[in-house]
Amino acid sequence: MLIEYFDFHPEMVATCECGWAGRGRDTEIELYESPVVTRHCPKCDSILLSMEYPTFNQVREAAEAGNEEAVRMARMYCLEFKAPTRRPH
Ligand SMILES: [Zn+2]
């Protein structure tokens, strides 16, 4: 299943054809040189989720929307983004 990188959540439910079921954080992550990150079943190693590594623009947008991982990544890459605090209009 191809999902958006920032749609992944450690608590999301993941199931495999082999009968394994668990949470997103229980899957095994593999990082390649390619811009695709895959998460595998810890039992049979099938690919359960694949995610394209986000572009800087996607990181910035997700950080501005308040995604914690995106905020971490944006800081790591020293991207400028508007802090996701809500100000009164
Ligand atoms: Zn499996």
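This is a predicted model: local features need pLDDT of at least 70, side-chain atom pairs count only at pLDDT 80 or more; totals for chains, interfaces and linings use all residues.

**Reading a helix and a sheet**

Analyst: In helix 2 (residues 68-76), the buried residues are A70, M73 and A74. Buried denotes 20 or more other C-beta atoms within 10 Å of the residue's own, exposed 12 or fewer, and partly exposed the range in between, with C-beta atoms placed from the backbone. Helices (H or I, at least four residues) and strands (E, at least two) are DSSP runs, numbered from the N terminus. Residues are numbered from 1 along each chain as its sequence is written.

User: Which residues are carried by the face of helix 2 turned away from its buried side?

Analyst: An α-helix has 3.6 residues a turn, so residues three or four places apart point the same way. Here, that face of helix 2 carries the exposed residues E68, R72, R75 and M76. After helix 2 comes C78, with a positive phi near 55°.

User: In what order do the strands of the open sheet run?

Analyst: Strands of a sheet pair through backbone hydrogen bonds, either parallel or antiparallel. In this model, 4 strands form an open sheet in the order 1-6-5-4, with mixed pairing; pairing requires at least two DSSP bridges between two strands. Strand 1 (2-3) and strand 4 are the edge strands, each pairing on one side only. Strand 4 runs antiparallel to strand 5 (residues 36-40), joined by 4 bridges.
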